[in-house]
Amino acid sequence: MSDIVSIRRATAADAEAIVSLVRDANLAVPGVVEHLETFLVAERDLRAVGAIGLEIRGADALLRSAVVSPDARGSGIGTSLVAAVLDLARGEGVRTLYLLTTSAQGYWARQGFTPVSREVVPDDVKRSEEFAGACPASASAMVRLV
């Protein structure tokens, strides 16, 4: 097995692999396929080992479904995916990223995100399936400028 990982835009052919990664990590699946065009895939040896996505809502976006397969964790793939999705967000004109997390507040804080009250999240972002119920109400909201 190679250590070389490439990160690229997702295609329709990646849908099943991304949904499988997301489901296996117990993350919210609703909305993944609908926003596949703004997902990135980390690939090693022609196998998806990570993914991350955006739901773009004008100048705001929801960062979602950040996942790395268990056998690839700890190798920097997650950090590379975050850097790549920030570049994607900038290229798409996004200024502010929001996310929901139930257990990774520390990780996201190290990536430049800060906790924020759900009440200040823009309504367009709140209408995403994750905010509308796919993610538990107990999940913490976080924000970062792009």
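Start at Leu 99. Leu 99 stands opposite Met 142 in β7. This is a predicted model, so take every position I name as part of a prediction.

How many bridges join β5 to β7? Six, and the two strands run antiparallel. Strand β7 covers residues 140-145. β6 also pairs with β7, in the antiparallel sense, over three bridges. There, Val 116 stands opposite Ala 141.

Now the whole sheet. Seven strands form an open sheet. The order is β1-β2-β3-β4-β5-β7-β6, and the pairing is mixed. Which strands stand at the edges? They are β1 (6-9) and β6 (114-116). Each has a single partner strand, so one side of each is left without a neighbour in the sheet. From one strand to the next, the twist averages 30°.

The largest nonpolar core has 22 residues. Ile 52, Leu 54, Leu 63, Leu 97 and Trp 108 touch the most other members. Which element gives the most? That is α2, with seven residues.

Look at Leu 97 in detail. Leave aside its neighbours within four places in sequence. Leu 97 is then in contact with residues including Leu 54, Leu 63, Leu 86 and Phe 113. Its contacts also include Met 142, Val 143 and Arg 144. Another core, of 13 residues, lies apart from the largest one. Its members include Ala 10, Val 19, Val 32 and Ala 51.

Trp 108 brings us to the aromatics. The structure holds two aromatic pairs. The rings of Tyr 107 and Trp 108 have centres 5.0 Å apart and planes at 85°, so this pair is edge-to-face. Is Tyr 107 buried or partly exposed? Partly exposed, at 24% relative accessibility. Trp 108 is buried, with a relative accessible area of 7%. In the second pair, Trp 108 and Phe 113 have ring centres 5.4 Å apart and planes at 80°, so that pair is edge-to-face too. Both Trp 108 and Phe 113 are buried. Together, Tyr 107, Trp 108 and Phe 113 form one aromatic cluster.

On to charges. The count comes to 10 salt bridges. I will take three. The side chains of Arg 8 and Asp 14 meet at 2.7 Å, N to O. Arg 8 is partly exposed at 26% relative accessibility. Asp 14 is buried at 9%.

Second, Glu 130 with Arg 64. Their closest N and O atoms are 3.3 Å apart. Where does this pair sit in the chain? Glu 130 is in helix α5 (residues 129-134), and Arg 64 is in strand β4. The two are 66 residues apart, and the pair links distant parts of the chain. Glu 130 and Arg 64 are both buried.

Third, Asp 124 forms a salt bridge with Arg 127, with closest N and O atoms 2.3 Å apart. Asp 124 is partly exposed at 37% relative accessibility, while Arg 127 is exposed at 54%. Salt bridges with shared partners also join Glu 55, Arg 57, Arg 64 and Glu 130 into one network.

Last, two backbone points. Most residues other than glycine have a negative phi. Asn 26 has a positive one, near 60°. Asn 26 lies in the loop between α1 and β2, and is exposed, with a relative accessible area of 71%. Leu 46 also has a positive phi, near 65°. Leu 46 lies in the loop between β2 and β3. Is Leu 46 buried or exposed? Exposed, with a relative accessible area of 80%.

Key
Residues numbered from 1 in each chain as written. Predicted model: local features only at pLDDT ≥ 70, side-chain atom pairs only at ≥ 80, totals over all residues. Heavy atoms only, no water. Phe/Tyr/Trp six-rings, centres within 6.5 Å; stacked < 30°, edge-to-face > 60°. Buried < 20%, exposed > 50% of the residue type's maximum accessible area, 1.4 Å probe, protein only. Core = buried A, V, L, I, M, F, W, Y, C linked by side-chain atoms within 4.5 Å. Helix = DSSP H or I, 4+ residues; strand = E, 2+ residues; numbered from the N terminus. Contact = heavy atoms within 4.5 Å. Pairing = 2+ DSSP bridges. Axes fitted to C-alpha atoms, helices over the stretch in contact; angles between N-to-C directions. Salt bridge = Lys/Arg side-chain N within 4 Å of Asp/Glu carboxyl O.
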